[in-house]
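The following exercises concern one multi-chain model. Each task is followed by a worked solution.

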Amino acid sequence: MSEVLFEKVEKRFGDQVAVRGIDLLVRPGEFVTLLGPSGCGKTTCLRMIAGFIAPTSGRIVMGGRDITALPPYRRNTGMVFQSYALFPHRTVADNIAFGLQVRRLPRAECEARIKDALRLVHLEPFADRYPGQLSGGQRQRVALARAVVIRPEVLLLDEPLAALDLKLREELQVEIKRIQSTLKITTLFVTHDQGEALSMSDRVAVMHDGRIAQIDSPEMLYERPNSRYVANFVGRTNLLDVVVREKRGDGMVRVETDGADKASFIAAAAHLQIDVGARCLLGVRPEHFHFGDGRANVIQAKVRGATYLGSIRYVEAEGPAGQSFVVQVRPGEPAPARGEVVLISWRPESCFLLTE
Amino acid sequence: MSTAAIDRSAAPARTRRAADVWLWIVLPTTAVFCLIFATPILDLTALSFHAMTGPAQVGDAFTLANYRAFVTDPFYLQILLRTCWLGALVTLGCLVIGYPVAYYLARTSSRWRGMALFLVISPLLVSAIVRNIGWFPLLSESGLVNWALLKLGVIGAPLPLVNNFTGVVIGLVHALLPFMILTLTTVIQRIDADLEEAAANLGAGPLEAFWRVLLPLSLPGVVSGSLLVFTMAISAYTTPAILGGNRVLVMATYIAQQFRTVLNYPAGGTAAALLLVFAALLTLLALQVRTADGESASEGRGA
Amino acid sequence: MIRWFALRATLFLTFAFLLAPVCVVVIASFNGGPVLSFPPRSFTTHWYALIKPEFFAALEVSLIVGAVTALLSVGLGLPAALALSRGRFPGRDGLNAILLSPLIVPALVTGVALYQFSLTFWDLTHVVLGGTLIGLIVGHLTFGIPFSVRAILAGHARFDYALEEAALNLGATPLQTFWRVTVPVLRPSIVAGGIFAFVMSLDDVPIALFIGGGDATTLPVRIFTTVEFDFGGDVMAIAALIVGGSIVLMLALDRLIGLDRLFGARA
């Protein structure tokens, strides 16, 4: 299992810059997701590792080898395409066999590996079917088997579940994760679905406009986003404009909102270089809000409406300076009525500061 | 061989190299093609600018006399006219017979549709020679048509229906009818059936609906299809030669005659060049009409 | 009601018109009396026995020329079609037009042009083209190549490049990818192009008439020249045999194409 290293990799298409000077290290056996909206450069990065696109500048190193100039068929990566790209003229077994045949493996070994691969994805009875006879989920599993059977150094997945419906997607997410951890292959996964990214990955790289905005474990990404972009892209966030008033010894700072009704809060800011008097944003996730004044940070708000989503309910409220809040109401908790003035509170550890 | 997957937007040198590969790949086919097609056609055209100096002999001097003869000599003008007349009659025949069939094929949902389509194309699957031979027992003086007409007392003596212009018209209509039917079927299919229902709802009888709705809308397709059939009719050789009994002189049979028996190559070459240009122009015109029609066809649709 | 009947009658008459010559050929070939008179008054098979051997020689020529034309058309057409659909080189659109242009040229014009060219060619190189199998094949390639290119271009219109990327990713070199993925996926249209070229070659008269001759006479040309001078019953018999052969060929193709679809692109 190899590591993958991007060193100042840049990609231009004419005047357009798709990827701007990216540095990235994926450790051996790690599952890293590139997450971002269309056009952020995530697929471009993936295809540069596969070798279908050459970087304009920079180096790509895999398992200690500089592969930047290598053609795709010499790189030993296994790619799963969004459209599956199964060879229509070959059976499932023959599709899986393709990479092995090209490597000229002896027949007996081919057959053994194909059998293992089919067992791994639970498709043994389908060996002699043609792709046209399979469902979307089955095709995806064949594509996966085909990619892993060659024992690649790196597994690349390009939005493989985008064409499937929700239930199937969730099922296959579990499958892919299971296979990946069983085989311990270094894996790069590209998606625009943050739920997918958070549930499957060891680390997630949120990409924006050709750059990595933040790369972190799912928890850190969610609880301590480093920018408004990341805070809004991953999950929902409530943002308050505040000014830093005091730095406390325990890594917390005291901030204050502007305007007539000044409200004071304590927030965690250990990792930020921030000065007293600086303006910044205070972010709180909807589920960290509680009604009532039970926690250290409190603010008053007027309820504007509510949205029911089955397992959760969101209550929209307006703060004293016109800020909008979204509060997640847990089942069993009573939701306040429209027009009611309520107190919202949260713990200092449950919020974060953003400088932009 | 590079594939489309390989990125071409890197350094310009690499782009040029990728394009070069394709040039090399297409080179053998292009070379063969120029040799076997482009060169002969050019050679033929060149021939038309020379004079005949004897049977199968060609002079060296450049001359426009051949072309001048074609536009002034009544003999040649007659051939040209006969050719156009043939084309017109055949096209008209195909239209009149083909439109109803095309309408049926376009509108029906009966399970016989596939079978009917197959029947329409089936004559094309048998060699043209065979079809032409088959007309003789039908059209000859002792053939089926004359036998039936005599039996019914419609005529007193057998009609000359083959080895003449009439036979050629019948044969060509038969040969080109499938093309007309297929073209018209596509055209009519693209016209929303709801429009005819709307016309009926507004009080138009079937003939009026045809005249006011179907015909105007299908007109571009009709024109395009007619141009193609016309072109094929004036380009045809086998059918006019056989069914005309070598007596019907249209452009195609005239050209063949020059090269086979009369041995006046320049005259044949001139006629061939003229036929080529005429046929090419008509085909391009037909394609132009078809593309224009295709562009406007989508505008009539609702959202 | 009248309209329905009128439409049905028109359809029936039209289909009868379309099928008449072919049916008549078969029936007339068994006519005990003169073959050109219809309906036949007696039945015989002796016309079939009278078929001259030169017709079978001509059939052989037709089949050989047809097969070689089909193979060469596809062999030359495939690279051209790929270059036209994937390449971005100057003059691509022009080349597209040129390669498809024979389809607008009347076959007769091509025929006499090739005849004239064979004379010029002999003047220049003393190599004989007229009256040879090579000449016939060359002549038929003039429409074989365009038809193949067109068929393959049509089949390539929806080509999924991801399949080639997948092959490259799995370790296949570009050449291996071409043979193991590109060609198999394009096979239905390649086969269609080849079949088209074969059938058109078997059917052609004008080109084979002018560039062929002597031993290099195809079946349709042999029949054509025979009919010009002497329209005997044996010609009707041959024509009937051709009808039979065409039906067999159609059935065979239906079988093949059916199977082909099974193995071809199914995804």
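**Exercise 1. Determine how helix α4 of chain A is placed on the sheet, and describe that sheet.**

Step 1. Helix α4 (residues 136-148) of chain A lies across strands β6 and β7 of chain A, and its direction makes about 175° with β6(A). Helices (H or I, at least four residues) and strands (E, at least two) are DSSP runs numbered from the N terminus. Contact requires C-beta atoms, placed from the backbone, within 7 Å. Axes are lines fitted to C-alpha atoms, for helices over the stretch in contact, and angles between N-to-C directions run from 0 to 180 degrees.

Step 2. The model is predicted: local features need pLDDT of at least 70 and side-chain atom pairs pLDDT 80 or more, while totals for chains, interfaces and linings use all residues. Residues are numbered from 1 along each chain as its sequence is written, and chains are lettered from A and ligands numbered from 1 in the order in which they are written.

Step 3. The sheet in chain A is open and mixed, with six strands in the order β6-β7-β8-β3-β9-β10; strands pair if DSSP finds at least two bridges between them. On average, neighbouring strands are turned by 20° against each other, direction ignored.

Step 4. Helix α1 (residues 42-50) of chain A also packs on this sheet, touching β3, β6, β7 (154-158), β8 and β9 (203-208) of chain A. The direction of this helix makes about 145° with that of β7(A).

**Exercise 2. State how strands β3 and β8 of chain A run and how many bridges join them.**

Step 1. Strands β3 (residues 31-35) and β8 (residues 186-191) of chain A run parallel and are joined by five bridges.

Step 2. Within β8(A), A:Thr187 is the residue opposite A:Phe31.

**Exercise 3. Characterise the fold and extent of chain B.**

Step 1. Chain B contains 12 helices and two strands, in the order α-β-β-α-α-α-α-α-α-α-α-α-α-α from the N terminus.

Step 2. The radius of gyration of chain B is 25 Å, whereas a compact globule of 303 residues would have one near 19 Å. This radius is taken over C-alpha atoms, and the globule rule is 2.2 Å times the number of residues to the power 0.38.

Step 3. Along the principal axes, the C-alpha atoms of chain B fill a box of roughly 65 × 65 × 35 Å.

Definitions and conventions
Two residues are in contact if their C-beta atoms, placed from the backbone, lie within 7 Å.
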